[in-house]
Amino acid sequence: MVAIAISACLLGEPCRWDGQAKPSSLALSFIQAPEVSVIPFCPEVLGGLSTPRDPSELVRSDMSVCAMTRAGAHVTDAFRMGAKQALAQLKANNVVLVIAKEGSPSCGSSRIYDGSFTGQMIEGEGMSTQLFRQNGMVVVSEERIMDLFSEYCAKHADECSDVACGWDAEDFALWVQKNATIN
Ligand code: SF4
């Protein structure tokens, strides 16, 4: 049995800024796997922000990164507190892999909005993802995990006689932990 942490919105939890969820079929399929324990997390809710809420982006200056809402409120402390609380949850559950919502200022793993609230994206990671990685955790997005799943299936094709095979979610999670690159 292994533990995987997954952004709660990918599991259908309506915790996004707009009160919606972003369910991912592969993320949801881990819930059905008896050999995997799924730990949902939402750093922004853990940090005390309400749902729905004004959307936030990370705004960079020379010396620091702040989380600001579209209306101009500073929510950096809430983001930091949520990231720390999520990390504590992940550590307490000995999580081996984190699947996190791409593009989010908290959960993004390879790209985020650029802080201008104009829809422009840049390379970067969310505040929680950064903290998780600083603590040695492997974080991949819901997009990257799909690519890795295809790669994993191709490598194990000879052991798999059926497209709808009973894939081994625990083996896959441990394989991703060993083989995932930074994004
Ligand atoms: S903070 Fe993460 S888990 Fe929460 S809604 Fe945003 S992307 Fe989803």
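Ile4 stands opposite Leu97, a residue of strand E5. The structure is a predicted model, in which local features need a pLDDT of at least 70 and side-chain atom pairs count only at pLDDT 80 or more, while totals for chains, interfaces and linings use all residues. Residues are numbered from 1 along each chain as its sequence is written. Helices (H or I, at least four residues) and strands (E, at least two) are DSSP runs, numbered from the N terminus.

Strand E1 (residues 2-7) and strand E5 (residues 95-100) run parallel and are joined by four bridges; two strands pair if DSSP finds at least two bridges between them. E1 also pairs with E2 in the parallel sense, over six bridges. Here Val36 in E2 is the bridge partner of Val2. Together, E1, helix H1 (residues 25-32) and E2 form a right-handed β-α-β unit: with the strands pointing away from the viewer, the path from the first strand over the helix to the second runs clockwise.

These pairings belong to an open sheet of four strands, ordered E2-E1-E5-E8 with parallel pairing. Strand E2 (36-41) and strand E8 (139-141) each have a single partner strand and stand at the edges, so one side of each is left without a neighbour in the sheet. From one strand to the next, the twist averages 25°; such angles run from 0 to 180 degrees between N-to-C directions, with axes fitted to C-alpha atoms, for helices over the stretch in contact. Helix H5 (residues 142-155) packs on the sheet, where H5 touches E5 and E8, and its direction makes about 90° with that of E8. Contact requires C-beta atoms, placed from the backbone, to lie within 7 Å.

Helix H3 (residues 76-92) may be considered next. The buried residues of H3 are Ala78, Phe79, Gly82, Ala83, Ala86, Leu87 and Leu90. A residue is buried if 20 or more other C-beta atoms, placed from the backbone, lie within 10 Å of its own, exposed if 12 or fewer, and partly exposed in between. Seen down the axis of H3, the buried residues fall within an arc of 165° (taken from the directions from the helix axis to the C-beta atoms), so they line one face of the helix. The face turned away from this buried side carries the exposed residues Asp77, Ala88, Lys91 and Ala92. The partners of the buried residues include E1, E2, helix H2 (43-46) and helix H4 (127-134).

Pro43 lies in helix H2. Pro43 counts as buried because 32 C-beta neighbours lie inside 10 Å. Leaving aside residues up to four places away in sequence, Pro43 touches several residues, among them Phe79, Gly82, Ala83 and Ala86.

How values were computed. Two residues are in contact if their C-beta atoms, placed from the backbone, lie within 7 Å.
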